[in-house]
Amino acid sequence: MKSLISCLALAVFAFGSAVSGQVIRIGVVGPMTFIQGKHHWQGATLAAEEINAAGGVTVGGRTYTIELVRVDSNEMQPGPDAVSAVERAITASKVDFLVGGFRTEAMLAMTEVACDYKKIFLIAGAADNKLLQGRVDKNYNRYKYLFRVTPARSTYLAQAAFIQLREVMDLFRHELGIAEPKIAILAEQAEWATPIVTFLSLQINAPLAVGGLGGRLVGTWRPSALATSLTAELTAIERAGAQIVFTVFSGPVGVVFGRDWGRLQIPVAAVGINVEAQAQGWLDATGGFGAYAATVGIYASGVEVTPTTVPFIEQFTSRFGELPLFTAGTYDALYILMDAILRADSLQTDAVIKALEATDYVSTIGRIVFDELHDLMWGPDYVTGIGVQWQDGTPVAFWPREWRPDPQKLPDLVISAPGTVPYVIPPWVRDHWKGK
Amino acid sequence: MYYVRYLVRYLQNEVLVLPSRVIVLVFVASLLAFPLLTQDPNILRTLIVTALFSLYAVSWDLLSGYTGQVSLGHALFFGSGAYASALLSSHLSLPPYATVPAGAAVATAAGLLVGLPCLRLRKHYLALATLAFPIMLTGFVLAFPGFSGGEGGVWRIARLTSTRVAEYYLILGVALGAVVVLWRVVESRVGLIFHAIREDETAARALGINTVRYKLLAFALSGLTAGAAGALYAHSSAARIVAPGVVLSLFMSFQPVIWTIFGGAATIYGPITGVFVLYPLLDTLNVVIPKYRMLVFALLVLLILRFMPQGISTWIRDAIERVCPSCRVRNIATRRACRACGAPLQAQSPR
């Protein structure tokens, strides 16, 4: 009897070892009780289900399936929770890789933990340059485990927003005959917004002939990221005679802007960065006043950045009932990781890092190639993001559409993502400025 | 041999006679022996943060519980200690044994700076004034991002020790040492004066007590303790980064209030109990039921405040011990006569 029990125990142990050896555990990190974390998880879930349904990943002759581990970093709530969550995932849940993340200050701490334990962390949700710049380049051996999959770093996000501003200014010139559009900057009080404001202030007044925007800056307003009313700022912007407002919002003040701007019918067209305007619930959140708001974004209805964009959006929307946020980029992160593992034909960390560095993968947001900082390459051949505007109750893409990245050197290079539509100047803005 | 005999006699006559002291002894011994049972990095990290937050909560108890100077902006002291230490480590590459005392010193200075303009303020006016200070420091941090790291915070901070166990013992040692010193302070004449200021400042002044000096002393001592906790936190494995959203947040200011009220104010051991119950509980709830963790946490705090308004540790102490009505010496609740004077003990348990 005793020997039978011993045999059974041995068999169970052996079976358990075999099963656990054929699983790749991936920690999906995010603020899981918030929409950003929810989309981290949902994006990763879709990818894991697809990969497992296709037979998993075969490495060194053994087939592995993917098992996701939910890592609630509670990043919205300040404190040591984020560090705890990641360390627990590595030491207790024994995750092999990490994907996700959202808030910069939490990400800086969490990635330190990942590097301590030599775990690869694919960042999918945080844009701050500092996450990689000054780390991978200055101390490669410590920070080589970090890669960014989405979104593009904040400098490039700003660059995309400038290009979109230029296109909206051109629209004012051609459609309304305003040769020198007046611009107001409305940016939340946050560190990441400051360099954007400084750079834009210099660019707006510079003439078109020298590569500037050829407009006129009428003022800069910096409300709190948690402001509950922007009536005073918007009224001042209207009085200053602005025709376009360039927004720089990542926090809830973005919703306040959409609500007050639409409710007061302030005669300025909006363009820039407004993270809240990327969410499916934007119109509801703004009480229906957020129509025609525009922002740099990642996903929109019907736009086909790459052949996988539309199928992913459709699948995500039908499964979870809403458009994916940029944090759903964990979907691409998982595929990029599996692609690297397959090419490395190994699960050894250093081998996977080398394979990741050689990544050239067409994802749902563009062609992903990592630079020497392990950051996304940005530009016409790589990832650019899109310009999103709310038209007829739907977020649609208005950029890149007939975009000429370098008219002087490459006059024939014109980029248009299928499914993009023209930017629409809000009707009350058009009525106000027509003929003036 | 003499000292061993003295220790045994002291344990027999002073510690083992009271259950509350036995609990403290067992608690401290368990903490010291814990790494012999397990060296799980998660559990050790949780205990490290708990020990640091205990020190932080005790600093609030000293200022607000004992002296009655209610501070709703205590994160100023924790944050200034953490920031000073982190900046010195990050910019000048100074080792923790230099930066931690410097951080504590900066927080002490911050305590005096806050104390001076707040001397004439009382009750909710004082509470609201203190609330403004961490917001001002946050503004300062955001105004000089090149130096302070801005919203993203300061990182590349030197670690306290190379191993988690060494870090645990170092932080536990500092926390225990600081608590013992503060215990001696509040049990001394100074502690009595703190009580007197809280109960009736005018009466205390009428008795010739320089209340200004003692209030400033309370602010400085509280700042020193919270600053030391903040500086150690900055170098600990739990932090890795010092950002205004973490160390200067409103949540960080309110936490010591919740811990202290939960455990029992003006007791020193109350806030420690509060932190050692609530922090690991919240950490566990974050894993088990992350969605409802704050709801469960708030319900628990409400229930404790409803049924144990003096705090959980005071409630337990009063349930297992009685005070002699004659000589005020504490006795185990099962005794019928006082262990000191022999007077009969009453059935009820007055504080």
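**Surface patch and interface of chain B**

Student: In this predicted model, what accessible area do V287(B), V288(B), I289(B), Y292(B), L295(B), V296(B), L299(B) and L302(B) have together?

Tutor: These residues form a nonpolar patch on the surface. Their accessible area together is about 730 Å².

Student: Which helix supplies the largest share of the nonpolar patch?

Tutor: Two helices of chain B, α14 and α15 (293-307), each supply at least two residues of the patch. V287(B) lies in α14. The largest share is four residues, and the helix that gives them is α15(B).

Student: How much area is buried between chain B and chain A?

Tutor: The size of an interface is often given as the accessible area lost when the parts come together. Here 32 residues of chain B are in contact with 28 residues of chain A. Carbon and sulfur atoms give 50% of the buried area, which is about 2,500 Å².

Student: Which three residues supply more than any other three of the area that chain B buries against chain A?

Tutor: The share of these three is 24%. They are E151(B), W155(B) and R240(B).

Student: How far apart are the closest N and O atoms of R164(B) and E87(A)?

Tutor: The rule finds six salt bridges across the interface of chain B and chain A. R164(B) forms a salt bridge with E87(A), and the cut-off for such a pair is 4 Å. Their closest N and O atoms are 2.7 Å apart.

Student: Which helix gives the most to the side of chain B that touches chain A?

Tutor: α3 (41-66), α12 (244-247) and α14 (269-288) of chain B each supply at least two residues of that side. The most, five residues, comes from α3(B).

Key
Residues numbered from 1 in each chain as written. Chains lettered and ligands numbered in written order. Predicted model: local features only at pLDDT ≥ 70, side-chain atom pairs only at ≥ 80, totals over all residues. Heavy atoms only, no water. Contact = heavy atoms within 4.5 Å. Buried area = accessible area lost by both parts, 1.4 Å probe. Salt bridge = Lys/Arg side-chain N within 4 Å of Asp/Glu carboxyl O. Patch = residues over 30% accessible without salt bridge, like charges linked within 9 Å, V, L, I, M, F, W, Y side chains within 5 Å. Areas by Shrake-Rupley, 256 points an atom, 1.4 Å probe, with all protein chains shown as cover.
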